[in-house]
Every structure is written in structure tokens, then in C-alpha cells.
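Trainee: I have a new model to read. Where do I begin?
Mentor: Take one feature at a time. Here it is.

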Amino acid sequence: KALSISPRHSQARLLRYEMYRSAGANDKALAELNAAIKVDPKNAEFYQARAMFFNERSEYDLAIADAERTIKMRPDYGLGYAARAFAHAHHKEFDAARDDLTTAIELDKAVIEKRTPPIPPVLFSPLASEYDFRGATYETEGDFEKALEDYTEALRWNPGAIQSWISAGRLHQQANHAEKAMASFSKALELAPSTEEGLQFRGQVHELMGAKDKALADYTEAIRLYPGSAKCRMARARLLWRARQYDTAISDLSNVLQHEPKYPSARFCRAYAYESAGANDKALADLSQAIGLDPKNPQLFCDRAEFYSRRHDFAQAIVDAGQAIQISPEFAEGYRIRADNYVLQNEFEKASADIARSMQLDPHHANTFISRAVLYSKKKDYARALADYDEATRLDPRYFLPYLNRGRLLNRRGEYEKALNELLRAADLK
């Protein structure tokens with residue numbers, strides 16, 4: 001009605017965009033946002049909103065372009081930097097993402113300090129989101145201490161931030177701080193309402209606590225109430241995949257892709273489900289289509305490289321890992337995966353060079369030490385291999401793979417009792 005009276009009312013279009021997005025009508029939402037920008041092309045907030053929309057659709061290059069328009073128009077607007085950080089993180093450019101998030105935090109704190117009286121922390125949630133997201137980048141790269149500091153700061157600014165309670169609980173759980181983990185998870189459950197997002201969060205907490213039946217019930221209830229919920233279908237599909245119910249998982253993921261064809265992570269997850277079900281041609285097709293949707297994402301090339309490696313096509317795996325490195329020369333995982341495949345082809349010098357580069361770029365990642373341990377084992381340098389498995393366990397105590405590999409190595413050396421303990425621990429974690 002407002003637009004029938006005043007077709008150039010950009011705020012009305014922005015509100016209608018938000019309603020369409022909430023209803024899952026993304027094409028209509030984007031059309032409204034484009035119309036708002038056309039009416040008011042100098043409004044930085046509209047470009048920031050569209051940047052976040054593109055981020056949610058996994059169209060990260062478009063997101064960066066709009067975020068940079070926002071920053072150019074309003075260099076003091078923290079949310080513009082936060083939108084660009086989101087895209088950087090999904091391209092695995094974590095240093096750039098953290099730089100942008102730190103700028104956003106500083107700008108938003110300056111906004112608070114200028115207000116008289118100052119804004120109470122609980123009334124300024126952008127800062128909470130920025131701390132939470134920066135914490136997630138630290139966690140991804142294995143810096144758990146800084147990650148927990150940022151999650152804690154996020155909760156200071158917004159004690160109702162369910163995701164921050166979950167993330168803090170996960171880190172406490174990983175550090176074997178059972179009471180702190182349970183307290184964080186219980187707080188998340190207490191806060192989670194019976195909405196789409198609330199049920200998704202509650203399911204996530206139940207999964208982390210080992211209550212898989214309760215998690216499945218929450219995801220299923222969310223899907224019953226909100227049949228178009230891509231996030232809840234994705235969460236349920238992952239849970240079903242881990243329970244080896246591959247056909248049901250594939251059905252959920254296909255439903256997501258029917259409504260959101262440009263959803264690379266859904267296509268990637270369906271590829272894994274297809275592979276687990278033995279449909280390797282379909283799995284490869286999904287991985288390749290995911291790359292086609294996001295061709296500048298080095299992680300997707302690494303995912304396909306690992307698929308080729310599991311199929312013993314080591315040469316093609318090396319090509320894909322090399323493509324990831326070409327896209328992002330600072331992407332440690334590309335070097336690590338290429339090294340793993342060089343080892344499998346007995347090209348130890350090339351593997352050693354790639355592992356050294358990977359370790360230089362990301363010295364705190366358990367998988368890098370596992371890769372070097374495998375190389376040492378191949379070269380029969382068992383003492384160094386065991387030392388690297390020990391370091392991998394120190395970095396990620398709940399990761400099953402170093403226990404498994406260490407158990408196999410000890411078994412080959414005739415240390416059967418130690419080997420059995422390692423293998424039982426691996427089985428427990430897996």
C-alpha cells in the first residue's frame with residue numbers, strides 16, 4: 001500500500017525485501033533490494049544489505065563488490081567491513097577477514113563511545129556478531145584461546161547470543177572442561193525458542209551432547225513447521241549421513257537444491273552422501289557443479305582433490321590441489337593435500353616441500369603434522385612420525401585420526417598393548 005502511494009519509497013522496499021527473505025522467496029527479495037538501490041543509489045546500508053544477501057547465497061565475489069561500495073560511500077560504517085569479512089572467510093582468506101572484523105569492531109565501539117549516555121552492551125548486537133565471527137576464524141585456524149576470548153566478549157555484548165554459547169561450549173568440551181561445556185550448552189538450550197533458528201540451535205546442542213535422537217527430533221520439528229528451511233534440512237542431512245541413512249540424507253539435500261540451486265555447500269554435502277552410497281559418478285558431478293558455482297573458492301578444489309584421492313586418482317588430485325594453490329597461494333590446505341598425494345605416489349621430495357610450506361602458513365593445524373608423520377613413516381623414520389602424531393593430538397585432542405595412525409604404527413613395531421589402547425581411543429572418538 002505504501003508503494004502504491006509512493007513507488008519511490010526505498011524504505012518500504014527494504015522492509016518488503018526483509019519479509020520476502022524471511023519467507024524464503026529469495027528472487028523476489030533481491031528484486032526489491034535492487035529496486036531500493038535504484039531509487040536511492042547513495043544509500044550505503046542498501047549495498048551492505050545486498051552484500052549480506054549475496055554472502056548467504058554463496059555469491060562471494062558479488063558480496064565483496066557490494067561491501068566495497070558500502071565502505072567507499074561510508075568508511076566509518078562497521079557493517080560494511082563485516083560484510084566483506086564474511087566473504088573473505090569463505091574464500092579461506094582468514095587474515096583479511098580478521099582485519100576487516102577488527103576494523104568493524106573499532107568503528108562500532110567508537111559509535112558507542114560517542115553516544116550520550118553510552119549504549120548498554122546488550123543493546124548493541126552488531127559488536128557481538130563481529131566478535132563471534134572473528135572467534136570462528138580463530139577457531140578454524142586452531143587458535144582456540146583467542147577464539148574463546150572472542151566468544152566470551154560476544155556474550156558480554158549480547159548474553160542472548162545462542163551461537164556464541166554453543167561455540168564456547170564446544171571449545172570447553174574440546175578442552176575437556178566438562179562442567180563449563182555443560183553450563184554453556186544448557187544456557188543455549190534455555191535461550192533457544194521453538195522457532196526455526198531456535199530448533200536448529202537446540203538440535204546442534206543435542207548433537208554436541210551426544211543426544212542424537214533429540215537432535216533429529218528438533219530438526220524434524222523445524223522442517224515440519226518450516227518446510228523451506230534449508231539450514232534445518234542441511235543439519236538433518238548431516239546427522240542422517242553420519243547415521244548411514246544415505247538415501248534420506250540425499251532426499252533432504254535434493255530438496256534444498258530444488259529451492260536453492262546456487263547453494264555450493266548443499267551440493268558438496270550431497271556429493272559426500274552420494275559417495276558414501278556408492279554413487280561416485282553423481283558425487284563427482286555435484287563436486288564439479290559446486291566448483292562451477294564458486295570457481296574462486298580453493299576449498300572446493302581441495303574437496304574434489306580428496307575425492308579423487310579416495311578413488312586412487314592421485315594425479316588428478318594433485319592437479320586440483322594445485323588449482324587451489326593457484327587461486328590462493330596462502331591457502332595451507334592446498335599444499336597439505338597435494339603433499340598427501342605426492343606421498344602416495346612416492347614423490348617424497350615434492351611432498352616434503354609442500355608440507356614445509358603448509359606448516360609455515362598454518363603451524364597449528366593437526367592435519368599438517370599428520371601429513372608429515374605419514375611421510376616420515378613412509379621413509380621409516382618412526383620416531384619422528386610418532387612425535388608428529390603426539391603433536392597432532394596435543395593440538396586437537398578429540399581428533400580420531402592421529403590415534404588411529406599411531407596405533408597402526410605401534411602395531412607394525414610390535415608394541416601391541418600400546419597399539420590397542422590407541423586404536424580403542426580412536427574408535428571411541430570416531
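Mentor: Start with the helix names. Helices are DSSP runs of at least four residues, numbered from the N terminus. Keep in mind that this is a predicted model.

Trainee: Then where does Ala-175 lie?
Mentor: Ala-175 sits in the loop between α10 and α11 (178-191).

Trainee: Is Ala-175 exposed, partly exposed or buried?
Mentor: Partly exposed, because its relative accessibility is 41%. The partly exposed class lies between under 20% for buried and over 50% for exposed.

Trainee: How far apart are the C-alpha atoms of Ala-175 and Asp-396?
Mentor: They are separated by 8.9 Å. Along the chain, Ala-175 and Asp-396 are 221 residues apart.

Trainee: Now a residue inside a helix. Where is the place of Ser-164?
Mentor: Ser-164 belongs to helix α10. Its relative accessible area is 2%, so Ser-164 is buried.

Trainee: Which residues is Ser-164 in contact with, leaving aside neighbours within four places in sequence?
Mentor: Asp-132, Tyr-151, Ala-154 and Leu-155.

Trainee: How do I read a whole helix, such as α23?
Mentor: Check its span. Helix α23 covers residues 382-395, which is 14 residues. From first C-alpha to last, α23 reaches 20 Å. That is close to the 20 Å expected at 1.5 Å a residue.

Trainee: Which residues of α23 are buried?
Mentor: Ala-385, Leu-386, Asp-388, Tyr-389, Ala-392, Thr-393 and Leu-395.

Trainee: What do the buried residues of α23 pack against?
Mentor: Their partners are α9 (144-157), α10 (162-174), α22 (366-378) and α24.

Trainee: How is a pair of packed helices described?
Mentor: By the angle between the axes and the distance between the axes. Take helix α24 (residues 400-412) and helix α25 (residues 416-429). They pack at about 155 degrees, with axes 8 Å apart. So α24 is roughly antiparallel to α25. The crossing of α24 past α25 is left-handed.

Trainee: Which residues make that contact between α24 and α25?
Mentor: From α24, they include Phe-400, Tyr-403, Leu-404 and Leu-410. From α25, they include Tyr-416, Ala-419, Glu-422 and Leu-429. By class, the contact of α24 with α25 has nine nonpolar, two polar and five charged residues.

Trainee: Now take α12 and α14. At what angle do they cross?
Mentor: Helix α12 (residues 196-208) and helix α14 (residues 230-242) cross at roughly 20 degrees. Their axes come within 10 Å. The two helices are therefore roughly parallel to each other. Here too the crossing is left-handed, as α12 passes α14.

Trainee: Which residues of α12 and α14 make the contact?
Mentor: Glu-196, Gln-200 and Glu-207 come from α12. Lys-231, Cys-232, Ala-235, Leu-239 and Arg-242 come from α14. The contact of α12 with α14 divides into three nonpolar, one polar and four charged residues.

Trainee: Are His-312 and Lys-380 buried or exposed?
Mentor: His-312 counts as exposed because its relative accessibility is 61%. Lys-380 counts as exposed, at 61% relative accessibility.

Methods:
Residues numbered from 1 in each chain as written. Predicted model: local features only at pLDDT ≥ 70, side-chain atom pairs only at ≥ 80, totals over all residues. Heavy atoms only, no water. Axes fitted to C-alpha atoms, helices over the stretch in contact; angles between N-to-C directions. Parallel < 35°, antiparallel > 145°, perpendicular 65-115°, else oblique. Left-handed = near helix turned anticlockwise from the far one by under 90°. Contact = heavy atoms within 4.5 Å. Nonpolar A, V, L, I, M, F, W, Y, C, P; charged D, E, K, R; others polar. Expected span 1.5 Å × (residues − 1). Buried < 20%, exposed > 50% of the residue type's maximum accessible area, 1.4 Å probe, protein only.
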